[in-house]
Amino acid sequence: MTKLRLLRMLKGDVKYVLQEVIWQLLGLFAQIIIIGCVARVISETYFNRLDTKQLIIYVAVALFSVLAKNVFDRLYMDAAFAASNDVKRVLRNNIYNKLLRLGVCYKQIVSSAQLTQMMGEGVEQLEIYFGKYISQFVYAFCAPLTLFLVLQQYNLKVAVVLVASVPLIPIVIVIVMKIARKVLDKYFQVYYELADTFLEKLHGMTTLKIYGADEDAAEEMAEESEHFRKVTMKVLSLQLNSTIVMDLITYVGTALGIAVTLNEFLNNNMSLDQAIMFLLLAIEFFRPMRQLGSYYHMGMNGIKSGDMILEFTNLSEPQDGKIILREEPNNITIEDVSFAYEDEAVLKNISININEGQFISLVGLSGAGKSTIAKLICRRLRGYKGTIRVKGKNLKYIKEESLMSLMTYVSNNSYVFPGTIRENMLLGNEKASDKKLIGALKLMNLYDELEDRGGLDFELVEGGTNLSGGQRQRLVLARALLKNSPVYIFDEATNNIDMESEEIIMKVIRKLAKDMGKTIILITHRLANVRTSNEIFMLQEGQIIEHGSHKALLAMGGEYAKLYKAQRELENYGKGEA
Ligand SMILES: Nc1ncnc2c1ncn2[C@@H]1O[C@H](COP(=O)(O)OP(=O)(O)O)[C@@H](O)[C@H]1O
Ligand SMILES: [Mg+2]
């Protein structure tokens, strides 16, 4: 099943696999001719019948065949290489395109760890499977049959004995496969678990050290590693044992062939050159199958990865909408929306009206559901109840590209890529001139800080960690500004950064709302930042408990007023300390 579906996905590779088999078979023919020549020369010399002219012909044919075999071997390698490359390209493309079709909500479906595993190791294991294993599988059946067809014309009995012993190897493989399956499943499970724990502990190393828990963690790791070692040993010993059995069959089968050959020769049923040929070719019956046996565990891993990749590429896809947004007012309406990640509803009957050019804020304690609302609006999450309309159109039916150009989502972990500042900023607008880029950086008070370090050519490392948190976030904002979309959603965009950066960012956000007519949705837990918004929505456990202007909410004296007072007291207290 898996194999057939994989083949369908990789049908372009079937031709390489066929080429591999053909080159290997041609190589085998060349080898048969070489051995035929050698056998003839030995026997003619033995009977003293060899003249110079004959010798020259045999040597010439043999040399030519050696050359041909080299060429065929080379062509086989090339085909295997092409197959591997193609497999990698096709699979990675398939996974990548699937991701694109899943759209911005892909995180709802697949974890980053799973993706990395699939794109990396998963693809590599299938590369071996397609590059080597499948062609070897076909060749291992064709080679003994070819040898049989060539040799049976000299002596049927020996040819039958040899060809009949070969299937013992695949029988052993099948038996091992039955036993191995359980052990291998266990192996993979333990392997993935260990990889997970290892990554977690590595990420949390500093924290573990601070809390003095690193020794416990090390002990736990050691325990898991030991468990993994034991399972690995089991797999290895299984493989070793099956190798021994396969070798045994190879040698016993070859020996049996040789014994029958000698018997036939002594009974005068075979000429000397024929007997030599059988003796030299006997082991070739077994070699391809034996080779297949050693590729076998790679093949097993390949099938497992294939299962995983197929499962992913076959996931049902949310259909992208067809509606392209036009020049209507940029209103967003959320009508009676409820949403649950798992069983429990995290949003309950939310209704919010946002008109073009409005600056609205979502506030509330952590876990209240603010980010969930933001993600629903830009369709990173699907599967809600109720209706969301953008520019009067049902969100579900809007084309993703059109939606993405309408709104920009900025969170406190927006990604910056390794590369220059310029490359990162051009993501916001690929046509922007250097002057424009610098203008945006200046607006964020960032250009002065970067000028001495290379300005637009300053190279960011992975995660942008060679900038301070505040600088990184101001860069993210500068990039967002370049996009110049009508709607901006800021989700805790000033979290965990220095006061100065926060002030610069908030100033720009207010400017976007006031002077540039943008529609702004601001999510923050710092109420000092939302005072100037047109309307504030206070969330609690997935419900809107209060809404109105800052003034109105303060006058109401409800939850918002309480939270605002508490925060102001805390901040004033902090200032008093300093
Ligand atoms: N990916 C997720 N899977 C399951 N539950 C989630 C997920 N993301 C958030 N939640 C839960 O949904 C609720 C609302 O989360 P969120 O919208 O992030 O809150 P806020 O942004 O207001 O802090 C929380 O109880 C949170 O635990
Ligand atoms: Mg949040």
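**Entry: ligand 1**

I began with Thr372: an N or O atom in its side chain is 2.5 Å from an oxygen atom of ligand 1. I call that a polar contact, meaning a pair of N or O atoms within 3.5 Å; within protein, one must be able to donate a hydrogen and the other to accept it, and residues adjacent in sequence count only if both atoms are side-chain atoms. This is a predicted model, where local features need pLDDT of at least 70, side-chain atom pairs count only at pLDDT 80 or more, and totals for chains, interfaces and linings use all residues; side-chain values use heavy atoms, with hydrogens and water left out. Residues are numbered from 1 along each chain as its sequence is written, while chains are lettered from A and ligands numbered from 1 in the order in which they are written.

Next I looked at Ser371, where a polar side-chain atom lies 2.7 Å from an oxygen atom of ligand 1. For Gly367 I noted a backbone N or O atom, 2.7 Å from an oxygen atom of the ligand. On its own, ligand 1 has 560 Å² of accessible area, and the protein covers 59% of that. Such areas come from the Shrake-Rupley method with a 1.4 Å probe; for residues, only the protein chains shown count as cover.

Which residues surround ligand 1? I listed Tyr341, Glu342, Val346, Leu365, Ser366, Gly367, Ala368, Gly369, Lys370, Ser371 and Thr372. To be near the ligand, a residue needs one of its heavy atoms within 4 Å of it. I sorted this shell by class and got four nonpolar, five polar and two charged residues. Here Ala, Val, Leu, Ile, Met, Phe, Trp, Tyr, Cys and Pro count as nonpolar, Asp, Glu, Lys and Arg as charged, and the others, Gly among them, as polar. Helix H11 (residues 370–377) gives the most to the shell, with three residues.

**Entry: Leu376**

I stayed in helix H11 and picked Leu376. Is Leu376 buried or exposed? Leu376 is buried, because its relative accessible area is 2%; buried means under 20%, exposed over 50%, and partly exposed in between (1.4 Å probe, protein chains only). Not counting residues up to four places away in sequence, Leu376 touches Val337, Phe339, Leu347, Leu381, Tyr384, Ile388 and Leu395, where contact means heavy atoms within 4.5 Å. I also checked Arg526, which is 150 residues from Leu376 in sequence and 22 Å away in space, C-alpha to C-alpha.

**Entry: two glutamines**

Gln471 sits in helix H16 (residues 469–483). With a relative accessible area of 11%, Gln471 is buried. I found a polar contact of 2.8 Å between the side chains of Gln471 and Glu449. Leaving aside neighbours within four places in sequence, Gln471 is in contact with Leu446, Glu449, Arg453 and Ser501.

Gln114 belongs to helix H4 (residues 112–151). At 40% relative accessibility, I put Gln114 down as partly exposed. Phe312 is 198 residues from Gln114 along the chain, yet their C-alpha atoms are separated by 9.9 Å.

**Entry: the whole chain**

I counted 19 helices and twelve strands; both are DSSP runs, numbered from the N terminus, with helices (H or I) of at least four residues and strands (E) of at least two. Why do I call the chain more spread out than a compact globule? Its radius of gyration is 35 Å, well over the 25 Å that the globule rule gives for 578 residues. That radius is taken over C-alpha atoms, and the rule is 2.2 Å times the number of residues to the power 0.38. The C-alpha trace spans about 120 × 50 × 50 Å along its principal axes. Buried residues make up 45% of the 578.
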